[in-house]
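Reader: Please show the structure first. I will then ask about its parts one at a time.

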There are 2 protein chains.
Amino acid sequence: MSSVSTTLLSRIEHPVVQAPMAGGASRPELAAAVCEAGGLGFLAAGYKTPEAMREEIRRLRTLTDRPFGVNLFMPQELDGDSRAAVAAYRERLADEFARYGVEPGDPERGGDDGYDAKLAILLEEPVPLVSFTFGCPSRRVLAELAGAGTATVVTVTSVAEARAAEEAGADALCVQGVEAGGHQGTHHDDPLSDPASNGAGLGLLTLLEQVREAVSLPLIAAGGLMRGGQIAAVLAAGAVAAQLGTAFLACPESGAHELHKRALTDPAFPRTELTRAFSGRPARGLVNRFMAEHGPQAPAAYPLVHHLASPLRGAAAAAGDPQAMALWAGQGHRLTRALPAGELVGLLADELAAARDAFVPGRAA
Amino acid sequence: MSSVSTTLLSRIEHPVVQAPMAGGASRPELAAAVCEAGGLGFLAAGYKTPEAMREEIRRLRTLTDRPFGVNLFMPQELDGDSRAAVAAYRERLADEFARYGVEPGDPERGGDDGYDAKLAILLEEPVPLVSFTFGCPSRRVLAELAGAGTATVVTVTSVAEARAAEEAGADALCVQGVEAGGHQGTHHDDPLSDPASNGAGLGLLTLLEQVREAVSLPLIAAGGLMRGGQIAAVLAAGAVAAQLGTAFLACPESGAHELHKRALTDPAFPRTELTRAFSGRPARGLVNRFMAEHGPQAPAAYPLVHHLASPLRGAAAAAGDPQAMALWAGQGHRLTRALPAGELVGLLADELAAARDAFVPGRAA
């Protein structure tokens, strides 16, 4: 581990990382509550303007002086085929736009998500940690952040991605299993071998071990974790910390929509699936009408589909209709506890300690 | 835990269970080597005649006097739709039968897999443990086995299945994550909500926690486990033991075909998927030509498809062609170690002890 990340992580009391959840959930209030309770809070820069990211960071700094992270989305390569597929998907969704009374969004609106401008801000006003999703930044970017005193984490879903991130100079990896809610952070979205096809994505414990044996970086385990006993499990398997998203989604400090929070434990939403329906990239959410009807036909064209369909989600939420919202959720969603985030961090730490004490291996009884 | 299973499990030195692998891998020699090394060996009665099962049990008793298990397949309910779908699939496979020069197998050949006759033998000549796959036996069957001094384990892949098995009187559960090689032991194969569609199956750690909170039975964790560190993880998460199949598949004592053993670490087979192509029920194997070409169209009609396509697999194996064999493998297949089974059990126990010693939770650095 680099001295940067060693120094950072030694300042975290509990090995509990709040996952960055783009789209509104990861508000500064949520990150601050996690940080103040001894975990690592995260802001999500994805889908935000560079200036909005800067404002959130400044606001978070007024709420806590503890270390925190900021997550960036990597720009995506798009080709003419993607654009043609998005045009076809737009036609497919015509009835949906009519139903909710909105116009399709401009697929190109997000550009490259302001990647360069966000990096420039993060070098101007360095933060303790920056993590990346949907790809691996260049060696130069990682070196510049390290030079600014910022620890870097790259999200990986395979051994090949882990090796690429180590080679590029990342300080640590976020190892994301297929159980995770929201987007899979796969570096290249390949429709022929992706986790949205036939359960091909790797479960967390199997991925963690394969990555651990392939690289020498510290690993943060993510995917379906909701309890301290599960955090104990990933630490026993060699992770240095656990990252939890869905567990924090229903906290009062989370900016997730109330319908989304309630759906997590609503028996009407018994299961999750990976889908490209909402964004063009495999992401796990509660199965609802929109996902069931459009998921199988949605193209691999992120973030074009995200911006195209964004007005639908907004209109559905405004109408109180969860059936066309993106109800991102990990496989552990039924175990959601709608506690204040600081209280939840404390409870997870207590459960972790109890699991450690109960762990007397070598006996099967 | 019942006194039966308490007594049984207290006689196992290491919390390592060798998964029953129907189709030839789980020979008495493999089970004996695991038992003699202090794990729990298993015979697979599935696809065998009742008499062949009896002979294997008798042979195993000549090789070890330690406790072992026998796995039974639950009979399946089939309807007219299943049979029509199998007829259509037979037409689809016509070129395959011609290519390998074999006639289609009789889909009905397996009947109910000799379930009643096998149970009668297991009550006549009781064994230490019997586990069940593809369903939950009746309360009466579980009580009769308990009366004979046999511990019972039911394989589950969901909370609902776990509750049903506890209610029926099982002594323990085998909690199978989506990472597992071979068949998912789901009780009812529902094409609309099964793990072969869009990564809907639950990863081991998330399933284990949800089951642990729903029932009070001892849990054996299965799915993608290849190393002692992963066994430490599932014990830390509350399991009493770990069940490993793929890890034992390439052992010299395993009866798996040599092409199957070699494929586990062959870079030409980089990934697994769940498929109904070979049997009519979701099962995880290395992606090969047959799976890729026929998986999406294979019907939910187990075991009819298994018996229909069985001659193809035999002919492909005889021809040295792994592309039409059922190369069952869990998601950890790349970590296969082709060691003698007893040596592997010892190594897993050493790794488990090392992971326990290295486990210093509560710190993120």
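Author: This is a predicted model. A place to begin is A:P303, which sits in the loop between α13 (289-294) and α14 (304-318) of chain A.

Reader: What kind of peptide bond joins A:Y302 and A:P303?

Author: A:P303 belongs to the loop between α13 and α14 of chain A. Omega of the bond from A:Y302 to A:P303 is about 0°. The bond is cis.

Reader: Where is B:P303 placed?

Author: The peptide bond that leads from B:Y302 to B:P303 is cis, its omega being near 0°. As for its place, B:P303 is in the loop of chain B between α13 (289-294) and α14 (304-318).

Reader: Is B:Y47 buried or partly exposed?

Author: B:Y47 is in the loop between β2 and α3 (50-63) of chain B. Its phi is positive, about 70°, and it is not a glycine. Burial requires 20 or more C-beta neighbours within 10 Å. B:Y47 has 17 inside 10 Å, so it counts as partly exposed.

Reader: Is A:A45 buried or exposed?

Author: A:A45 is found in the loop between β2 (41-44) and α3 (50-63) of chain A. Leaving aside residues up to four places away in sequence, A:A45 touches A:M53, A:V70, A:N71, A:L72 and A:K118. Its C-alpha atom is 8.9 Å from that of A:E56, a residue eleven places away along the chain. Because A:A45 has 30 C-beta neighbours inside 10 Å, it counts as buried.

Reader: What distance separates the end C-alpha atoms of helix α15 of chain A?

Author: Helix α15 of chain A has 18 residues, 341-358. At 1.5 Å a residue it should span 26 Å. The separation of its end C-alpha atoms agrees with this, at 26 Å.

Reader: Within what arc do the buried residues of α15(A) fall?

Author: The buried residues are A:A341, A:L344, A:V345, A:L348, A:A349, A:L352 and A:A355. Seen down the helix axis, they line one face of α15(A), because they fall within an arc of 140°.

Reader: Which exposed residues are on the face of α15(A) turned away from its buried side?

Author: The buried side packs against β1 (16-18), α2 (28-36), α10 (228-236) and α11 (246-249) of chain A, and also against α10 (228-236) of chain B. The face turned away from that side carries the exposed residues A:D350, A:D357 and A:A358.

Reader: Which element gives the largest share of the side of chain B that touches chain A?

Author: The contact takes 56 residues from chain A and 55 residues from chain B. Elements of chain B that each supply at least two residues to its side are α1 (3-10), α9 (204-214), α10, β10 (272-275) and α15 (341-358). By type, the residues of that side are 28 nonpolar, 19 polar and eight charged. The largest share, seven residues, is that of α10(B).

Reader: What relation superposes chain B on chain A?

Author: The superposition takes a rotation of 180° with 0.0 Å of shift along the axis, and its RMSD is 0.0 Å. The same surface serves both copies, as 100% of the contact residues of chain B recur in chain A. The rotation and shift are therefore those of a two-fold axis.

Reader: How many residues of strand β6 of chain B are buried?

Author: On one side of β6(B) B:A172, B:C174 and B:Q176 are buried, and on the other B:L173 and B:V175. Strand β5 (residues 151-156) of chain B pairs with β6(B) in the parallel sense over four bridges, and B:V153 has B:A172 as its bridge partner. The strand, residues 172-176, is largely enclosed by the rest of the structure, because the buried count is five of the five.

Notes
Residues numbered from 1 in each chain as written. Chains lettered and ligands numbered in written order. Predicted model: local features only at pLDDT ≥ 70, side-chain atom pairs only at ≥ 80, totals over all residues. Expected span 1.5 Å × (residues − 1). Buried ≥ 20, exposed ≤ 12 C-beta atoms within 10 Å, placed from the backbone. Arc of directions from axis to C-beta. Contact = placed C-beta atoms within 7 Å. Nonpolar A, V, L, I, M, F, W, Y, C, P; charged D, E, K, R; others polar. Least-squares fit on C-alpha atoms with pLDDT ≥ 70 in both. Pairing = 2+ DSSP bridges.
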